[in-house]
Amino acid sequence: MSGNEKIRLLLVDDEVKFLQIMASRLRLKSFQITLAANGQEAIDAAAKKSFDVAVIDLQMPGIDGIQLFKILKENHKDLGVIVLTGNATMGTAIECMKLGAFTFLEKSCDIEVLITAIKDACKLPLEKKSETEGKEKQPQEKSLEQKPPSSLGKIKKWVKWAKTKKSE
Amino acid sequence: MNKIPQTEGLQFFGKVSASISHELKNILSIISETAGFLNDLTELAKQGKELKLSLIENCSQSIVEEIQRGFATIKQMNRFAHSVDSPMKDVDLVEILELMIGLTGFLSYASRVRIEIQSKDIKPVFTSPFLFGHLIYQILCFFYESAGHDGNVSVVLSTPDDTSVRLTFKSSAPLPRDKFPNEKMERLAQVLGLEFEQSPSDTGISLGIPYISDTTRKLLQGF
């Protein structure tokens, strides 16, 4: 048992073949997968069932990835959102991170990178909860190194991503 | 105004190039993930898990299909890149329509399009392939937006007389008449010496294309 079987994953991409092959690969790793081929399908799926993480594409017909992101975050605050796109630009990456994306990945990243991101994104709501509880008990300012791993991890990931883009 | 600002042409070229690169990236992503899936299956087989032949067959079929899709995309990219080779030339309308439908098909909001040829005698028209393609692209994008992703758009080619050919665009949804044609389309049509004709129904628009236009010939000299 890897623990993956408890993770409920919503995969959203208008490229149906990509969606299906990603689902096949992630199912081999025991994740619970629901597929949505557009923004509306994703909203409907999230209304019917709870998800831990949503992996969304940005460029989609109708409701695009950014709009979908805002709708999902508004209605499902604890949902971890990972952006997986073929259209990775610095601008869209910054926009997604500002909106609260857990991470921003480019197609076709290594499946292990995606799996690690999914697992980390699942831990985020628990960390936030313990962070809130900690603040209530001991309200004091923290240095960058002392900040919760979720925030620091996000910054490190962002810097790593930016370095990769620079080297390209 | 009888000239198209250079930036507009570059913007069009850039938009098409970006949509092609996005399409190619999608194709490569599918191939890459399918290869990854085959690798995952191989690893599981090494651990003694049963390997389903049907899965292998599906993967190999998918890779072949995506490679074919990639070749088709590259062919379209090549044809589009060569549309700037000659400022004016005889253009096959069916060919350029197919190309523009293919290129706009990469846009996420593209609707389904079909071409209907009502006349057997459609001769090539003497025009600027790049500007004409740009105009068709703009019209298709406009129609996609009005028809919606699940709507239908049809392009009908007919010959009302011996001197011209008519290109009619029809949408499954009513068109916002006040927005069509927009400034960009009007400028392109003007430079190409073409005129939009209002269709009696509110779901279509026609473009009359003279086989030999004096305006386009004059344009050739000043291009």
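Where is the place of Ser30(A) in chain A? Ser30(A) is found in the loop between helix 1 (16-28) and strand 2 (32-36) of chain A, where helices (H or I, at least four residues) and strands (E, at least two) are DSSP runs, numbered from the N terminus.

All views show a predicted model, in which local features need pLDDT of at least 70, side-chain atom pairs count only at pLDDT 80 or more, and totals for chains, interfaces and linings use all residues. Residues are numbered from 1 along each chain as its sequence is written, chains are lettered from A and ligands numbered from 1 in the order in which they are written, and side-chain values use heavy atoms, with hydrogens and water left out.

**View 1. The loop at Ser30(A).** Ser30(A) is not a glycine, yet its phi is positive, about 75°. Most residues other than glycine have a negative phi. With 34% relative accessibility, Ser30(A) counts as partly exposed; that class lies between buried (under 20% relative accessible area) and exposed (over 50%), using a 1.4 Å probe and protein chains only.

**View 2. The open sheet of chain A.** Five strands are arranged in the order 2-1-3-4-5, with parallel pairing; two strands pair if DSSP finds at least two bridges between them. Strand 2 and strand 5 of chain A stand at the edges with a single partner strand each, so one side of each has no neighbour in the sheet. From one strand to the next, the twist averages 20°.

**View 3. Strands 1 and 3 of chain A, with helix 3.** Strand 1 (residues 8-12) and strand 3 (residues 53-56) of chain A pair in the parallel sense over 4 bridges. Val12(A) has Ile56(A) as its bridge partner in strand 3. Helix 3 (residues 65-75) of chain A lies across strand 1, strand 3 and strand 4 (80-85), and runs at about 170° to strand 3. Contact means heavy atoms within 4.5 Å; axes are lines fitted to C-alpha atoms, for helices over the stretch in contact, and angles run from 0 to 180 degrees between N-to-C directions.

View 4. Ser108(A) lies in the loop between strand 5 (103-106) and helix 5 (111-137) of chain A.

View 5. Pro181(B) belongs to the loop between strand 5 (164-171) and helix 5 (183-192) of chain B. Gly193(B), with a positive phi near 70°, follows helix 5 of chain B.
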